[in-house]
Amino acid sequence: MHKVDGRMAERSDSAEPITERLLRGMPPPPPSSDSKDGRGRVLVLGGCRELPGAIRLSAEAAMRVGAGKLQIAVCRDVAVPLGLLVPEAMVVGLQQTEAGGISRTNADEVAKRAGCCDAVLLGPGMSEDADTTAIVAAILREAGTTSLVLDAGALCVLNDEPGLTKRLATPAVITPHAGEMAGLLGRERETIEADPLAAAREATERFGTLTVMKGGATYIVAPNGGAWCYEGGHVGLATSGSGDTLAGLIVGLLARGADPARAAVWGVYCHGEAGRRLARRHGGIGFLAREIPPEIPSILAEILV
């Protein structure tokens, strides 16, 4: 039990632990062909003038987990530098606001691009403002069969139009930390931290999403009631950009054809295991989020052999 507002609160029902044995029973789907398209097409949309690096972290993670083709959509000012930093990607420079974010005037264009991809990640490095809400809402309305991950700034659409995610053919994946979840549910942060599984269940029911409740222990709740927990991470993962890499892992697995639950379970495990390995190598904390993606291929290989 944990204290909530001075009272003792019971934890909600349990979640299945994420272990290697569990993962071996639910492997990611193999490529549908030998071409890049057979490994899935990913679009990562986000960033702003102040946070362009978030896109690099997410994009590289998506590729390291096995996605085949990568597009990046960012504000015009950072498109060329990101294209040089991530040469594997096709980079689209979008009209931007005076503050350096992506303008809502791009909504129709990015919605069309999203519809041509297998999976789309929205939100890393994006500002929480009306322009972001308009862009994310446009993509949600036109998603069709495209799988979606809503992270960071993109979560703001759930406050303005919570019904949009309930209409999707495939449940969207959301990846809030405790502070973001508190805002989504109108709770105090300490209430969320006292029972993160209950918070994840409430968010899933309210928004119709597959919810990844990030924290020291990460909880995953699916719309069908399935729930999983990963407790094997490391405090070194509590660092800038770590959440961007997790979102990238999940969208990459979705692009490969994994269903939302499978993509989330594998993404959370690989992220946590990468943190454990880096902590052993660097003596605890101090490793960087950009060091997480290169660890992923070997983690996948060791489980799937």
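Select Glu295 and Arg281: their side chains form a salt bridge, with the closest N and O atoms 2.6 Å apart. Glu295 sits in the loop between helix H11 (260–282) and helix H12 (296–304), while Arg281 belongs to helix H11, so the pair ties together parts that are 14 residues apart in sequence. A salt bridge here is a side-chain nitrogen of Lys or Arg within 4 Å of a carboxyl oxygen of Asp or Glu. Helices (H or I, at least four residues) and strands (E, at least two) are DSSP runs, numbered from the N terminus.

You are looking at a predicted model: local features need pLDDT of at least 70, side-chain atom pairs count only at pLDDT 80 or more, and totals for chains, interfaces and linings use all residues. Residues are numbered from 1 along each chain as its sequence is written, and side-chain values use heavy atoms, with hydrogens and water left out.

Stay on the pair. Is Glu295 buried or exposed? Glu295 is buried, because its relative accessible area is 9%. Arg281 is exposed, at 51% relative accessibility. The cut-offs: buried means under 20% relative accessible area, exposed over 50%, and partly exposed in between (1.4 Å probe, protein chains only).

**Next stop: a network**

Select Glu273, Arg276, Arg277 and Glu302. Salt bridges that share partners join these residues into one network. How many salt bridges does the structure hold? The count is 17.

**Next stop: helix H2**

Select Arg64 and Glu60. They form a salt bridge, and the closest N and O atoms are 3.5 Å apart. Both residues lie in helix H2 (residues 53–64), 4 residues apart, so about one helical turn separates them. Arg64 is partly exposed, at 35% relative accessibility. Glu60 is buried, at 18%.

**Next stop: helix H9**

Move to Arg206 and Glu202. Their side chains meet in a salt bridge of 2.9 Å, N to O. Both lie in helix H9 (residues 196–207), 4 residues apart, about one turn of the helix. Arg206 is partly exposed, with a relative accessible area of 33%. Glu202 is partly exposed too, at 22%.

Now click Thr204, which also lies in helix H9. Thr204 is buried, at 6% relative accessibility. Which residues does Thr204 touch, not counting residues up to four places away in sequence? They are Thr209, Thr211, Val221, Ala222 and Pro223. Contact means heavy atoms within 4.5 Å.

Show the side chains. From H7, Met181, Leu184 and Leu185 meet Ala199, Ala200, Glu202, Ala203, Arg206 and Phe207 in H9.

**Last stop: two rings**

A search of the whole structure finds 1 aromatic pair. Select Tyr230 and Tyr269: the ring centres are 5.7 Å apart and the planes stand at 75°, so the pair is edge-to-face. Rings of Phe, Tyr and Trp (its six-membered ring) pair if their centres lie within 6.5 Å; planes under 30 degrees apart count as stacked, over 60 as edge-to-face and the rest as tilted.

Tyr230 is buried, at 7% relative accessibility. Tyr269 is buried, with a relative accessible area of 6%.
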